[in-house]
Amino acid sequence: MTDKLVEKLRRERDLSDSELKELIESGAHDEALRQAADEVRRERYGDAVFLRGLIEFTSYCKNNCLYCGLRAGNRNAERYRLSKDEILACCAEGYALGYRTFVLQGGEDPYYTDDMICDIVREIRARYPDCAITLSIGEKPRESYERYFEAGANRYLLRHETADLIHYGQLHPADMSGENRKRCLRDLKEIGYQVGSGFMVGSPYQTTDNLIADLRFLQKLQPDMIGIGPYITHRDTPFKNEKNGSVELTLRMLSILRLMFPYALLPSTTALGTIDPHGRELGLQSGGNVVMPNLSPTGVREKYAIYDNKICTGEESAQCRRCLEMRIESAGYRAVTDRGDVRRDETGVKDDT
């Protein structure tokens, strides 16, 4: 039997708020959503799942977000910083393993000045001209983003976390602003980055209306990548006693995103795999088409603890890749190591922004 609501979303890429509320709150549409999302991703990207080499290069952060284990106020956190040479060594290992996208991710760490970031990016660009370079280092002035772009960065990941400003204030300290986060995303788009945004599913105080606001914000932003994952608590945060987000709702939102944004690159996140042993496979089957194996040195992986019980902290990079490839194949897809640029047009031709 055809699910009329799911078919309408697939056809029109939009629904009214009340219709979205029905999809989000009711599990009755889950199987139809999953099937439609998988069909749409195969129409645009086939069975390809793009691998991104993730380098978590600093666990220091100046911010005090209430949900994050890296928050500045967490005195129990083990901190580390990778040197330029250590970052380049991660890239060399990743390149040898076939990765053609490097994601440099870290807390908002003032130690890494714009000059340092630009120097690192320029060196990666010079050594690996065929690779995409993604940065995920938080909120910066527009001038900083411009400098990184000129140095050779192609992509930038910055989750908006929640589009509702009241909800944003419940998750962040008073010195952080949801409007500034949105400003950053607009700047990144205007500069020419392939931009990734996204949000947590099941974060404290989140309502269905908040999730709908997230979808509306993404409709305006039209990002190239959308990263979502279940909220997971960390024992050393003010939210330590809050409930984790659910796999079911995260998968539901992934499928909705795939139907609303057929072109988007949607990661099946480590958080999904942490909260459910088969979470990443389920994420791929619900519309996801990106995974990010960890290239960070094994000695620091446990220290990059945004949430508790993060998986894959002890695996060497080659082990991590083999494990993920087997998981991807078991889910019915094929691991691909090329740049994996967004495909916005209907024919599936790459848009190499």
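Strands here are DSSP runs of E with at least two residues, helices are runs of H or I with at least four, and both are numbered from the N terminus. Two strands count as paired if DSSP finds at least two bridges between them. Before going on, keep in mind that this is a predicted model, where local features need pLDDT of at least 70 and side-chain atom pairs count only at pLDDT 80 or more, while totals for chains, interfaces and linings use all residues. Residues are numbered from 1 along each chain as its sequence is written, and side-chain values use heavy atoms, with hydrogens and water left out.

Now zoom out. S4 and S5 belong to an open sheet of 6 strands with parallel pairing, in the order S2-S3-S4-S5-S6-S7. Strand S2 (53-58) and strand S7 (225-230) are at the edges with a single partner strand each, so one side of each has no neighbour in the sheet. From one strand to the next, the twist averages 20 degrees. In general, the strands of a sheet pair through backbone hydrogen bonds, either parallel or antiparallel.

Helices pack on this sheet too. Helix H5 (residues 114-127) touches S2, strand S3 (101-106) and S4, and its direction makes about 160 degrees with that of S4. Contact means heavy atoms within 4.5 Å. For the angles, axes are lines fitted to C-alpha atoms (for helices, over the stretch in contact), and values run from 0 to 180 degrees between N-to-C directions. H10 lies across strand S6 (194-201) and S7, at about 165 degrees to S7.

There is another open sheet to find, with 3 strands in the order S8-S1-S9 and parallel pairing. Its edge strands, S8 (290-291) and S9 (334-336), each pair on one side only. Strand S1 (residues 48-51) runs parallel to S9, and 3 bridges join them. Look for Val 49, whose bridge partner in S9 is Ala 335.

On a 1 Å grid over the protein atoms alone, a cavity is a set of points where a 1.4 Å probe fits but cannot get out; a pocket is an open set with protein on both sides within 12 Å along at least five of seven lines, and lining residues have an atom within 4 Å of a point. Grid points are joined across faces, edges and corners, and a volume is the space filled by probe spheres set on the points.

The largest pocket holds about 320 Å³ of space. It has 19 lining residues, and the closest to its centre are His 234, Arg 235, Glu 302, Lys 303 and Ala 305. The second largest pocket has a volume of about 200 Å³. Its lining includes Asp 30, Arg 34 and Gln 285. Helix H3 (30-45), helix H10 (247-260) and helix H12 (279-285) are the elements giving two or more residues to that lining, and H10 supplies the largest share, 5 residues.

As for cavities, the count is 2 of 30 Å³ or more.

Arg 10 and Glu 43 meet through their side chains in a salt bridge at 2.7 Å, N to O. That term means a side-chain nitrogen of Lys or Arg within 4 Å of a carboxyl oxygen of Asp or Glu. Arg 10 is in helix H1 (residues 4-12) and Glu 43 in helix H3, so to speak distant parts of the chain, 33 residues apart. The whole structure has 29 salt bridges.
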